[in-house]
Each structure stands twice: as C-alpha cells, then as structure tokens.
Amino acid sequence: NFEKASFKDFENIPELNIFQRALVFQQFTSYMEESGQMNFRFMTGQNGCGPEMWVTSPFNKTPKKCVSLVSNDYLNFTQHPAVKLAAIKGIQKYGTGAGASPLIGGHHEYHEMLQTKIAAFFGRTPDSALVFTTGYTSNSATLLALLKKEDVAILDMAVHASVYEGVKETNFKLFLHNDLDSLERILRDAQEKFRTKLVIIDGVNSQDGDLAKMKEIYDLTKEYGGFLMVDDAHGIGVIGEHGRGAIEKFNLMDKIDIISGTLSKTFGHIGGFIVASPEIINFLKFQSRQQVFSSTSTPAAAGLIKAIELIDEEPQWRKMLADNVGYFKKGLIDLGLNIGNTESAIIPVKIGDPHKTGDAGRLLLDAGIYANTIVYPGVARKNARIRTSLMATHTREHLDKALNAFEYINQKLHISSR
Ligand code: PMP
C-alpha cells in the first residue's frame, strides 16, 4: 500500500536483495509522482543561482524562466563579481584541487587562510576553526568523533538530518522543538548518567524559518552542566547586526561551545566548518575520520574568503534581504496564508494536505514561480507546505509576481486559513 508508505519503509525489506528493494522503491516513487504528491526527477537549472532561474522540469522539457524561491544563496554571492574573480584567481594560483586529505599533503595555504578567516569572523583565535567538505559532514563527522557511549547528545527534534547521522551510534535523546520543559526533563534525567551532555540545536529551523530560543536553552544547558552546539547554517551571514548569525542576535557569540556552519548557503560555495576551542579543533583534525581520510576545499575556496569579507564590507545585501523578507511576509499574510513563526529568509506557506500542496507547487510553476513542495518525510505528514526562500537580489517585480501567483492558487485551491 504505497499511499501509507514512507521512505523509511524502503530502508530495509528483509526478504528482498538490494536490487529488488531498489525496484520496489522505484515503483513507490512513480506512484508518488503519478498521484501528484511529489516530483522525483530533479528540476534542472540552466543559469546557476539567482532571483530568476531557467529550469527544465519533468513536466516541461523546454527551459522556462521562473522567479526562483528555492535558493539558500541568500545574498546571491554565488554571482557576486568579486567572489567569482577571487575564486578564479584561486584556481589560477593553486590549480583545481587539493590533491589529498589534509594530513597527508592536501592542506594548502588557502585552507589555512580560510580557517583563520572563519575563526576571526567569530572573534576567536586562529586555531579555532576547521573546514569540512560539506556542512553535512561538519555535523556528522564532529559528532561521530566526539561522542562515545559514556556521553549523550540531546537534540531539538527539528535539527538537520546530518546531526541525526552523527549521533546514530551513540546515546541520544530528543526534546520537543524549542520546548524548555521538555529539554529540562531530559537534562535532569541525564545529569548523573552521562559524563558529557551535549545539547544540539539549529539557530534557524530549516523548514519553518523560526529561531531557536537560544538564550533560554543556553542557560538551561549550563545550569545542568551541559555543553551547547549550534548549527547556524541558515543564520550565519544574514542574521544579527554584523551577520554573524542567530548566535550574534542572542549575544552568545563567545559562549557557544561548538558552532557549526555551512559554506554552501550565504557564502555561496561548498563546504562546512566547525568553530570551537583550539583543543576540540585539534582533536577533530586527527580523530575525525572524515578529516583524516577525505580531502577538503578546492582552491575556488578563495572566493569564500572574499565572500566572508563582503559580510563586513557590503552590509547593504543584508539590508536588501531584510526588506524583501518584510515585504513578502506582509504580502502572504495579507492573502490570509499561514506562514507560521518565521523570523528568517525561509518563509513556509503551510497548506497541510500533501495532494493540495503538490497541486499548489505545479500551479506555481505554471505561473512561472519555482518554489519547493515539501511533503512527508521532509516534514510531518499533515504539515505539507510550499517552502520559499528569498534573496537580496529579488526585485519588487519578482516578489509581486510570486504574490500574485499565491493569490491565484489560493483562489483555486483555498489554502488560506481564513
Ligand atoms: N544544517 C542545516 C540546518 C541545513 O539546512 C543544511 C543544508 N540543508 C546543512 C546543515 C548541510 O549543509 P550542506 O548543504 O553544506 O551540506
């Protein structure tokens, strides 16, 4: 019964070998597509990230120009001339790859410069940052290396999949998203049982766009002798007066025990990083298997160094993004749509029913608006939504076109809460 099935049901089917299981999974994905719930063939962008994207879709083979509401490239630094030039110069100077993992010859001058830059960005000493291949790896590799059976990870249940990956072989407990009572119960219970209690939260929730109750969570964690790790993938670069992220907004920049960030969203490239005490960083350099056995950034990371500098040099991009977010949120609220508690550039339009949400995604695309349809297992079954994310370079025309399209689908599908 595919209607009730979820991805999890195909993780293992004891009586089927791997190829048979893959075949059944393919039948499931075809069913989901045919019943209009989810698209399993990638939309293909023709012109990189930007406020407008030319996309080919499984429904429309000729490229179509759309307003893009799908990118995490919030400041559009992937297209910033100075960032592109720095990346090109990096390649001209160092070539195209690192050549090996850091420990055995793949650590180059540009890695050192990048790590020093990241550490300084957070006001820490130069040996306080470590770069990984992706943000996903930063989280999973760090947790895999640090936590052992005497320790416990205490996760806000809404954290990213990479955190779950990192704790799957150790003790972990979940608390309800942003729920202090739920967290306190677990901390109290864990107090005597585990030598390390590591609480892990997102700065900005990646689906709802709301912020962590970070100050309260920090205080509670410390009251019970724990440590706090914040994955601020969607906050760093865009939130806070100086763009240091949700951790800056809550005045906790120098207090968070482990900061995790990505280089593939606001900074416009690929990679991830951890900022922590020099001792933790040193430990990870030699004890994280993904550091020891895997190569990291390419010389195009020179573009990243420029992007980090631009956060201070060109604050106007953050201001443009904030203006766009304010305008678009107001427009959606005026239409009576449910956007939840977002306080970031991630703005969900919550619909609930997965079939209606699938229809909404297709109608938006017909109207030239490319936004993500998020259904289970991306979110809980009754929590399907269209997920939009804004960029500094969206113009009022782009946003008005998107708002008009939402008004149209609301007339057709009645998705407003009014
Ligand atoms: N953390 C969060 C909260 C994320 O949303 C993402 C990206 N989806 C990641 C980590 C992983 O980042 P990356 O894409 O660099 O692997």
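Trainee: How many residues of domain 2 and of domain 3 are in contact?

Mentor: The model is predicted, so take every value as computed from it. 15 residues of domain 2 are in contact with 11 residues of domain 3. On the side of domain 2 that touches domain 3, helix H12 (316–334) and strand S11 each give two or more residues. S11 gives the most to that side, with three residues.

Trainee: What is the make-up of that side by class?

Mentor: The side of domain 2 that touches domain 3 has seven nonpolar, five polar and three charged residues.

Trainee: How should I read a nonpolar core?

Mentor: Start with the general idea. In soluble globular proteins, nonpolar side chains tend to be buried together. Now this case. The largest nonpolar core has 107 residues. Ile154, Ile200, Leu321, Ile369 and Tyr370 have the most contacts inside it. Helix H11 (residues 302–313) gives the most to this core, with seven residues.

Trainee: Why does this core lie between domain 2 and domain 3?

Mentor: Both domains give residues to this core, so it lies between them.

Trainee: Which residues does Leu321 touch?

Mentor: Leave out residues up to four places away in sequence. Leu321 then touches Tyr74, Leu75, Val238, Ala345, Leu390, Met391 and Ala392.

Trainee: Now the sheets. What is the strand order in the sheet of seven strands?

Mentor: Read the order across the sheet. Here it is S4-S10-S9-S8-S7-S5-S6. The sheet is open and its pairing is mixed. The edge strands are S4 (129–132) and S6 (171–175), each pairing on one side only. Neighbouring strands of this sheet are turned by 20° against each other on average, direction ignored.

Trainee: How do I read the two faces of a strand?

Mentor: In a regular strand the side chains alternate between the two faces of the sheet. Look at S10. Gly272 and Ile274 are on one side, and Phe273 and Val275 are on the other. All of these are buried, and both faces of S10 are covered.

Trainee: Why is S8 largely enclosed by the rest of the structure?

Mentor: Four of the five residues of S8 are buried, so the rest of the structure largely encloses this strand.

Trainee: Which helices should I look for on this sheet?

Mentor: Helix H3 (residues 109–121) lies across S4 and strand S10 (272–275), at about 125° to S4. Helix H4 (residues 135–146) packs on the sheet as well. H4 touches S4, S5, strand S8 (227–231), strand S9 (258–262) and S10. Its direction makes about 45° with that of S10.

Trainee: What is the order in the sheet of three strands?

Mentor: The order is S11-S14-S13, in an open sheet with antiparallel pairing. The edge strands are S11 (346–352) and S13 (372–374). The twist averages 25° from one strand to the next. S11 and strand S14 (residues 384–389) pair over six bridges. Gly352 has Ala384 in S14 as its bridge partner. Helix H13 (residues 354–366) lies across S11, S13 and S14, running at about 35° to S14.

Technical notes: Residues numbered from 1 in each chain as written. Predicted model: local features only at pLDDT ≥ 70, side-chain atom pairs only at ≥ 80, totals over all residues. Pairing = 2+ DSSP bridges. Axes fitted to C-alpha atoms, helices over the stretch in contact; angles between N-to-C directions. Contact = placed C-beta atoms within 7 Å. Core = buried A, V, L, I, M, F, W, Y, C linked by C-beta atoms within 7 Å. Buried ≥ 20, exposed ≤ 12 C-beta atoms within 10 Å, placed from the backbone. Domains from an automatic or database assignment. Nonpolar A, V, L, I, M, F, W, Y, C, P; charged D, E, K, R; others polar.
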